[in-house]
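Hi there,

As promised, I am passing this structure on to you. Please open it alongside this email and look up each residue as you read.

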Amino acid sequence: MKSQSESYKEAGVDITSGYRAVELMKEHVGKTMKFGNTAPVGGFGGLLQPDLTGMSEPILVSGTDGVGTKLKLAFLQDKHDTVGIDCVAMCVNDIICVGAKPLFFLDYIACGKNVPEKIASIVKGVADGCIQSECCLIGGETAEMPGFYPEDEYDLAGFAVGIVDKSKVIDIEKVSEGDVIIGIASSGIHSNGYSLVRKVFDVENVDLTAKRDDLGGKSLGEALIEPTKIYVKPMTELFKEMTPHAVMHITGGGFYENIPRALPEGMTAKIDKNSLEIPAIFKVLAETGNIPERDMFNTYNMGIGMTVVVPREDSERALEIINGAGEKAYVIGEIVKGDEGVIIEG
């Protein structure tokens, strides 16, 4: 690559570092290409030829998100190879809620200084998330923005596009009284509520490396940077056999905001609090910050990253499929009549 500009470099942007970063990330990106017929990375647009076998009315589904202030934990620990998983997860976990399968992902990294090895590490995480999602990383953008971001910081966002046949789109109007609510375990806090997390733990002034008994032997840093669980594989297996009445990604806003989003008028989710297996990090967070239980359930996933609503007669088989795909799923409640949206009792 002959392109270079000494004047631009003096202004803080080294375009040759960008080329170096692209070369370093190609190995990681290439591992995702087995999931679709794509063109090489580096052009002006990402190409993918979707497999439409068995679809009569294919519908594209999209989702976009970022990692948020969880990135501060990556900066503090100088660990950048997992936040890309979070970025992918926050997008693909949304689009599977309508019954879609992810096709491809694109990322956007904005940084104060382009350090090729760091950028490649971030993209490795993105590629790992795409592999977990069985979708292609077909492109992205890295923007070096000196004076806008500190040299050692960056932001990370992206978007995913998936596909579903119209006949397989999840219809929440089918949610009925007596339906069973299945919860699928989260890996921890995922990528929501980190402004409160950082405030409670004062992360910039606490030892993030010390192992803690109240966190099962993990350090606080390890517990807080644990990447978001991606639910594409178990849900894809479930969709092969049945179409749930509703699927909810428990993300920002916790139970109280996300569950009602996929319920028709007149239906309420009744959650048995005693059924929940709440990870230690949530208990430590609530105790350390003196956070009321209502606020915890309105901010965090509390150990349930995704919920699935199915007819009672299908619940046992649904559990078999999801658990058989390597996740931990169990019944956490049922659908009742009412306009409350969510009732958490126990």
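Predicted model: local features only at pLDDT ≥ 70, side-chain atom pairs only at ≥ 80, totals over all residues.

Residues are numbered from 1 along each chain as its sequence is written, and side-chain values use heavy atoms, with hydrogens and water left out.

**Salt bridges**

A salt bridge here is a side-chain nitrogen of Lys or Arg within 4 Å of a carboxyl oxygen of Asp or Glu. How many salt bridges does a search of the whole structure find? The search finds 17.

One of them joins the side chains of E177 and K337, at 3.9 Å from N to O. This pair links distant parts of the chain, 160 residues apart: E177 is in the loop between β6 (154-165) and β7 (180-185), while K337 is in strand β11 (residues 329-337). Names like these come from DSSP runs, numbered from the N terminus: helices are H or I with at least four residues, and strands are E with at least two.

Is K337 buried or exposed? Buried means under 20% relative accessible area, exposed means over 50%, and partly exposed is in between, using a 1.4 Å probe and protein chains only. K337 has a relative accessible area of 60%, so K337 is exposed.

Next, look at K270 and E345, which form a salt bridge with their closest N and O atoms 3.9 Å apart. K270 lies in strand β9 (residues 267-272) and E345 in strand β12 (residues 342-345), so the pair ties together parts that are 75 residues apart in sequence. K270 is partly exposed because its relative accessible area is 25%, and E345 counts as partly exposed at 38% relative accessibility.

A further salt bridge brings together the side chains of K273 and E293, at 3.0 Å from N to O. K273 sits in the loop between β9 and α10 (280-289), and E293 sits in helix α11 (residues 293-297), 20 residues apart. E293 has 44% relative accessibility, so E293 counts as partly exposed. There is also a network: salt bridges that share partners join K270, R312, E334 and E345.

**Aromatic rings**

A pair of aromatic rings is described by the distance of the centres and the angle of the planes. Rings of Phe, Tyr and Trp (its six-membered ring) pair if their centres lie within 6.5 Å; planes under 30 degrees apart count as stacked, over 60 as edge-to-face and the rest as tilted. By this rule there are four aromatic pairs.

Among them are F75 and Y154: their ring centres are 5.0 Å apart and their planes are at 75 degrees, so the pair is edge-to-face. F75 belongs to helix α3 (residues 71-77) and Y154 to strand β6, 79 residues apart. Both F75 and Y154 are buried. The pair of F148 and Y149 is edge-to-face too, because the centres are 5.2 Å apart and the planes are at 65 degrees. F148 counts as exposed, at 60% relative accessibility.

**Helix packing**

Two packed helices are described by the angle between their axes and the distance between the axes. Axes are lines fitted to C-alpha atoms, for helices over the stretch in contact, and angles run from 0 to 180 degrees between N-to-C directions. Angles under 35 degrees count as roughly parallel, over 145 as roughly antiparallel, 65 to 115 as roughly perpendicular and the rest as oblique.

Helix α4 (residues 83-95) and helix α5 (residues 116-133) have axes that come within 6 Å and cross at roughly 40 degrees. α4 and α5 are therefore oblique to each other.

Helix α8 (residues 232-241) packs with helix α12 (residues 315-324) at an angle of about 140 degrees, their axes 8 Å apart. Here too, α8 and α12 are oblique to each other.

**Two single residues**

G253 lies in the loop between β8 (246-249) and α9 (254-258). G253 is buried, with a relative accessible area of 11%. From C-alpha to C-alpha, G253 and R312 are 27 Å apart in space, and they are 59 residues apart in sequence.

F255 has its place in helix α9. F255 is buried, with a relative accessible area of 0%.

Enjoy exploring!
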